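Please look at the chains below before reading on, and keep the structure open beside the text. The report is meant to be read slowly, with each named residue located in turn.

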Amino acid sequence: MAKKKSSPDWEYASAPETTAVNIAKRYDHFINGKWITPSNKKYFATTSPSTGRKLSEVAEGSKKDVDTAVKAARAAYNGVWGKMSGRERGKYIYRIARLIQERAREFAIIETMDGGKPIRESRDIDIPLAANHFFYNAGWADKLEYAFPNMPAKSLGVAGQVIPWNFPFLMAAWKIAPALATGNTVVLKPAETTPLTALKLAEVIADAGLPDGVVNIVTGAGETGAAIVNHPDVDKVAFTGSTGVGKLIQESVAGADKKVTLELGGKAANIILEDAPIDQAVEGVVNGIYFNQGHVCCAGSRLFVQENIYDEVMWKLKQRMDTLVIGDPLDKNTDVGAINSKEQLRTIKRYIKEGVKGGADIYQPECDLPTKGNWCPPTVFTNVAQSSIIAKEEIFGPVLAVQTFRTVSEVIEKANNTPYGLSAGVWCDKGSRLFQVTGALDAGVVWGNTFNKFDPTSPFGGFKESGYGREGGLHGLGAYLDLPL
Amino acid sequence: MKRIEVLKTYKLYIGGKFPRTESGRYYTPEGRGGKVLGNICQGSRKDFRNAVVAARSVAGGWGKRDPYNRSQILYRIAEMLEGRAAQFEDELKQHGSTAAAARKELQVAVDQCIYYAGWCDKYQQTFSSVNPVASAHFNFSVYQPMGVVAVFAPEKSALAGLLGTILPIIAGGNACVVLASESKPLCAITLAEVLATSDLPGGVINILTGNRDELLDNVSTHMDVNAIVASDLTDAHKAAIKANATHNLKRVIIRKEDPAKSESPYPILATQEIKTTWHPIESSIAAGSGY
Amino acid sequence: MKTGNRACVTGDDFRNSPPVDHVGIVERAERFTTRSIKSITKRAGLNMVLNMIDLTTLEGADTPNKVRQLCYKAEHLHDSILGLPSTAAVCVFPPFVKTAREALGDNSLVKIASVATYFPSGHTTLKSKLEETRRAVSDGADEIDMVISRGRFLSGDYNYVFDEIAAVKEACGDARLKVILETGELATLDNVRRASDIAIHAGGDFIKTSTGKIASAATIPITLVMLLAIRDHYAKTGKMVGMKPAGGISKSKLALHYLVMVKETLGEQWLTNEWFRFGASSLANDVLMQVAKLESGHYQAAHYFSKD
């Protein structure tokens, strides 16, 4: 495996996660509590992005499969789940949380194999946080009347959910848990490059004894997702993914009376003011953009550094980048894993090329990348103009664009100068200034002196073209309730 | 000799001023018994564009005002409405209401002003949250106005419906551009006169009269409009607005309840974004050693 | 030939030491502890740890015999395993420096460190501190571990603290000076950073966390703050300063995580006992048990390793 070259004397020996996991050769759809063969008998392969090896194959969901799933969800809603008391619903959801905790290591490994993210992240963040989402929402099920006072807590019906490949298991939890707590039933489609952990979650849901049809998982690509969101009997559409696809979804369901929430792209500003705790800010920058290879909608992909501390910040940032370990995601020491797909790698490389062509200065730490699989070293561009493509468009990879600024009002204007508004970060030691900036940033999540923190109790979602609706926390429940206005 | 009545020229209300429509067009809605109400401006897409510019230029400042101040300004609107009660009632009657119904609607409208004036400094307190995250962070979610909101006012309820739609929007610190009821525009125009002499900064509420079908696409595709609040839409209108809104993902809030009749803080929240802020909480150096 | 740090007048106002975010430091510290140190890396790391230990006895009940045993152990950690290094130093109270020098002789690889300056409280006159320092050095100490005046520091008398360190440094002559901040009494990481800056600028060759005499001793986050102070000083001046966490480091896994932190914060050049030490009394045996486990494949029992 590839290691950073800067430490010739005391390098970390490889420390692969070796727990054996069980991945079936083939997975069907999980519909109405059973594993159902796809109507067109078609399957597609899912591969490991770090080795290129095929891991399994999963069903290709047709319109007919989706229809079967929606019908099952509707029957479960009308027959049992919609009528069940909140207390009992909650108990099922608690069960799911516990079962995930019990099988956490297995899910972490499969998440890393299928998606390419470092085992450290899937083990310490994705899977525990997913369990926490179920646990948190479970407790809401019998308390919904307190969430929105003087408002009937009425469920919507069938929720169609389409999730991305960057946090496959966590996003499934993030979507399913509040939907169930509020009394809806679910048809969920995981991303085509990372379907395995959602299917593993189906096993957990079956083991938890949830009534048949309450959660249905259909695999497939974009067409399958379109079939779900456009299905006339789906009452609620929840999508996380790119702004482009989100817009298509909104357009396609414009004529239907569906409640929609969209959690889309971002181009977050991470701002370091002159009095910031610089070492911690640099750490936050690294976590902001190289966490999960930058495949994070709220990644801090634009760094703004006040001019008078620019040299120190850049020196420290580059040094920190030099210590990042890039390689086998299953190695416990890996900091930056594999790019999720060949297609995404092409996109990232195209942007890097654009950045170089545009005259920005590039820095990448020296590292031996593995020969097989999809890899991109952590990359930082300096000398970037506000108008350059790498500072404007979401790259969704480990690529940081650095700009400088002189005054607070200047950086607020630059930070908000984007169609996106998902997240932002500010590093500043002075409280009154910090709150000036966090208040002025048009973003749904603002991290002050920290970055990329997530919690089930904390609402997440964007302003502007980063989508609408919140997920998580009390406010996230609103996305799954019929709140009359 | 019989005195000749001075007829009123009806204008638009943009940025605190009363321009005629730049298009020079007018339409002549009919009131009770088929009586023509007057030459009403048929606002154009350029009027709308100008109104958005006006709204944008004051939205930030209005949103940053102390809630106490916003509250007093809304209360002031109630005072002004009450003082003009006779005129509004007369207009409502011209639009077809009985005297009793007109009186009732005026009273509802004034009371709505009081109701939402009171919410200005309370919705944040009632609905924001401190979120108990499982790490050493202080985490809170607060509401923040969306910015510029375009409004398709209720077609049927000329005064109470209009105010029931607008008040929650501005109570929450947004600016708005309102397309008044096409068939019943008089109260909206008089309201503009009330607002112009109230303490509300010019541009926070802009009122256009005109044709909904004509302006629908321009309003819903405008890239500098953050949200649309609409009532009494046809299915075709709804679909068009939602599809058009995808250009900048403006928020579309379709009022299902009659804004003239429903009072609640939820319409305020509907034109708010939720912002969640994280900050670490320091602790003293812990006793012990090791990790 | 030693290239000791020298006191320098920098014009720095120590009230302006850079701010430290506690939670951010703790998060970074946790990252070091997720590093998995396996096979040859582990073996090499354990050897390094042994070689970085200041084998310490600082008890009221210390006797010359106890100190002689300690010195023997420092040079003969576990003779049944070949190729083990000696520890970096022994660390004793000033009255036992002579005993230690007699036991180790003049050519030992093991240095003699002594806690002068009225360890652990430091509550005495500057004159007494300097006398004690000079005597320890003339008795044969290679290194002096001094304590700063925490009371003065907490009352904001930074210049006093600076001057005192500089004076002790001068009294050290050729001996290297380790400055103990006693971080457990400094309350905040901002104070740890400020005290580190003062100690470095006043001429400390090492900065050291703790006396080991209070409950709060070395931790990874506190050590990280001190390493960052060293790093910033190195970046500005090109001068290296050493680091010594002390107190509470008794397990090899923890010690290896300290090495990870040093490597990723300061770089490989700090990974020698010239620049990094562990102040510890029981760490050596835990490391030896790990080494024996690696050599034999069997989990070890404590009674196979000499207790001093």
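## How to read the model

This is a predicted model, in which local features need pLDDT of at least 70 and side-chain atom pairs count only at pLDDT 80 or more, while totals for chains, interfaces and linings use all residues. Residues are numbered from 1 along each chain as its sequence is written, chains are lettered from A and ligands numbered from 1 in the order in which they are written, and side-chain values use heavy atoms, with hydrogens and water left out.

## A sheet in chain A

In chain A, three strands make an open sheet with mixed pairing, in the order β1-β5-β4; strands here are DSSP runs of E with at least two residues, helices are runs of H or I with at least four, and both are numbered from the N terminus. Two strands count as paired if DSSP finds at least two bridges between them. Because β1 (26-27) and β4 (43-47) of chain A stand at the edges with a single partner strand each, one side of each has no neighbour in the sheet. β1(A) pairs with β5 (residues 54-59) of chain A in the parallel sense over two bridges, and the bridge partner of A:Y27 in β5(A) is A:V58.

## Where chain A meets chain B

Contact, meaning heavy atoms within 4.5 Å, links 44 residues of chain A with 38 residues of chain B. The two chains bury about 3,300 Å² between them, 58% of it on carbon and sulfur atoms, where buried area is the accessible area (1.4 Å probe) that two parts lose on being put together, summed over both. On the side of chain A, the residues that lose the most area to chain B are A:Q250, A:H475 and A:L485, together 22% of what that side buries.

The rule finds two salt bridges across this interface, a salt bridge being a side-chain nitrogen of Lys or Arg within 4 Å of a carboxyl oxygen of Asp or Glu. B:E273 forms a salt bridge with A:R470, with the closest N and O atoms 3.1 Å apart.

## Where chain C meets chain A

This contact takes 29 residues from chain C and 33 residues from chain A. The pair of chains buries about 2,600 Å², 50% of it on carbon and sulfur atoms, and in chain C the residues C:R31, C:R35 and C:R231 lose the most area to chain A, together 23% of what that side buries. Six salt bridges are found across this interface, and in a salt bridge between A:D335 and C:R31 the N to O distance is 2.7 Å.

## Salt bridges within the chains

Over all chains the count by this rule comes to 68 salt bridges. The side chains of A:E17 and A:R105 meet in a salt bridge at 3.3 Å, N to O. A:E17 lies in the segment before β1 of chain A and A:R105 in helix α3 (residues 104-115) of chain A, so the pair ties together parts that are 88 residues apart in sequence. A:E17 is buried, with a relative accessible area of 10%, whereas A:R105 is partly exposed at 40%; buried means under 20%, exposed over 50% and partly exposed in between (1.4 Å probe, protein chains only).

In chain B, the side chains of B:R76 and B:E79 meet in a salt bridge at 3.0 Å, N to O, and both residues lie in helix α2 (residues 67-83), three residues apart, about one turn of the helix.
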